[in-house]
Amino acid sequence: METQVRNAYRPDGAVDEAAVDAAAALLRAGEVVAIPTETVYGLAANALNEAAVAKIFAAKGRPQDNPLIVHIAAMADLQPLVTAVPEAAKRLAKAFWPGPLTMILPRSARVPAAVSAGLSTVAVRMPVHPVAAAVIRKAGVPLAAPSANLSGSPSPTNAAYVFADMHGRIPLILDGGSAAVGVESTVVSLVGAVPRVLRPGGVTVEQLRAVLGEVEVDDAVLHKLKDGAVAASPGMKYKHYAPRADITILKGTFEQFCAYVDGKDATVLCFQGEDAHFPRAVTYGKAHDGASQAARLFDALRELDEQGAKTVYARCPDLSGMGLAVYNRLIRAAGFHLVDLENPEK
Ligand code: TXA
Ligand code: MG
């Protein structure tokens, strides 16, 4: 299959309606199309068409037990997908939709079980990206869309990365430039007694608490699942975001970091302005600035691979704000390998 990459914008900066039409026509015909969103690129298909959804799993090589997020363009699109819209969901939608927030809600019978990998729930998100919103509206159906990478690779933040993974597998990639957020949406479950963050992302835990009060953070966000444990969010159990390089996160000050890597034959993953200290370094955003780190992280992981890095030592992000989402991706990329230079006895 020939994969076309098409610019989603006209030279004057407006969304190219002809490109949107082409994507929508393919989607209505049951095909898979990669589209830009504000978080990462998505691999979209008609969420209500089981055969189309099956093509997503095939194109990605995604395990059948990992459920998909359904993307909508308006609040009226939510009702048919779920059996209830709890008060908390209404408040979150008001505060953060459209935007990088995914809510887990009870699934209605209209959503094929395959979308949710057989779970009784469904994940729903309303993206704010103008191209994503236009494609959903034009297609006239909700779009199931995981990140547009091959299963196990970092999520793609631009069309070239999508093409590298998906060429020959899908007919069309809409190019909307670089993704602004750079990591995937926050996934929050609203089916339990207390709202629970299953995956941190573009909307921070602090922001959710400001709207809802009590919000729990699932253990799997920071820690490796114990053998045999059931993941609340099946995606958390897979080796995700993993470059080929062997990454170790070093927790501590920049001075401690420098002392630890001194004399080691390694590449360093550090913050802007720190790279001059090392013979081989890739940067991912500014220190103490989670949003800038998120915007760079997946690109930086791909750059490490492009450079052929084998052993990598990474600076540790703060765990507050967007830093939690950055840490969640980085600790997985590192296979949960962290050395605490502040408490060396541990
Ligand atoms: O920002 C994003 O969320 C991007 C863009 C394209 O929207 N999408 C994305 O999809 O990251 P994906 O499939 O790569 O990640 C979806 C995550 C997975 O960890 C999956 O297990 C979880 O959401 N998930 C989906 N449905 C779920 C459900 N019903 N219950 C629990 N977790 C669910
Ligand atoms: Mg993904």
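UniProt positions are in the numbering used here, feature names are shortened, and the annotations may be inferred rather than shown by experiment.

Some housekeeping. This is a predicted model, so local features need pLDDT of at least 70 and side-chain atom pairs count only at pLDDT 80 or more, while totals for chains, interfaces and linings use all residues. Residues are numbered from 1 along each chain as its sequence is written, chains are lettered from A and ligands numbered from 1 in the order in which they are written, and side-chain values use heavy atoms, with hydrogens and water left out.

Now, pockets. These come from a 1 Å grid over the protein atoms alone: a cavity is a set of points where a 1.4 Å probe fits but cannot get out, a pocket is an open set with protein on both sides within 12 Å along at least five of seven lines, and lining residues have an atom within 4 Å of a point. Points are joined across faces, edges and corners, and the volume is the space filled by probe spheres set on them.

The largest pocket comes out at about 640 Å³. Its lining has 41 residues, and R62, P67, I69, R199 and S233 lie nearest the centre. The elements giving two or more residues to that lining are β4 (69-71), β6 (121-125), β9 (186-189) and β10 (196-199). Which one gives the most? That's β6, with four residues. By class, you get 19 nonpolar, 16 polar and six charged residues. Here Ala, Val, Leu, Ile, Met, Phe, Trp, Tyr, Cys and Pro are nonpolar, Asp, Glu, Lys and Arg are charged, and the others, Gly among them, are polar.

So where does UniProt put its "binding site"? The unreviewed entry places that feature at T39, H71, R125, A145 and S185. They span 147 residues in sequence, but no two of their C-alpha atoms are more than 12.6 Å apart, so they gather at one spot. And T39, H71, R125, A145 and S185 turn up in the lining of the largest pocket.

Let's zoom in on a couple of those. R125 sits in strand β6, and it counts as buried at 2% relative accessibility. Buried means under 20% relative accessible area, exposed means over 50%, and partly exposed is in between, with a 1.4 Å probe and protein chains only. S185 is in the loop between β8 (172-175) and β9, and is buried too, with a relative accessible area of 2%. Leaving out residues up to four places away in sequence, S185 touches, among others, T39, R125 and R199; contact means heavy atoms within 4.5 Å.

What does the S185 side chain pair with? A polar contact of 2.8 Å joins it to the side chain of T102. For us that's a pair of N or O atoms within 3.5 Å; within protein, one must be able to donate a hydrogen and the other to accept it, and residues adjacent in sequence count only if both atoms are side-chain atoms. T102 itself is in strand β5 (residues 101-106), buried at 0% relative accessible area.

On to the second largest pocket, at about 340 Å³. It's lined by 19 residues, with K251, C316, P317, L319 and Y327 nearest the centre, and the classes are ten nonpolar, four polar and five charged. Is C316 buried or exposed? Buried, with a relative accessible area of 15%. Among its contacts beyond four places in sequence are K251, F271 and Y327.

Most residues other than glycine have a negative phi, and most peptide bonds are trans. W97 and P98, though, are joined by a cis peptide bond, with omega about -5 degrees. A117 isn't a glycine, yet has a positive phi of about 50 degrees; you'll find A117 in the loop between β5 and β6. F336 isn't a glycine either, and has a positive phi of about 65 degrees.
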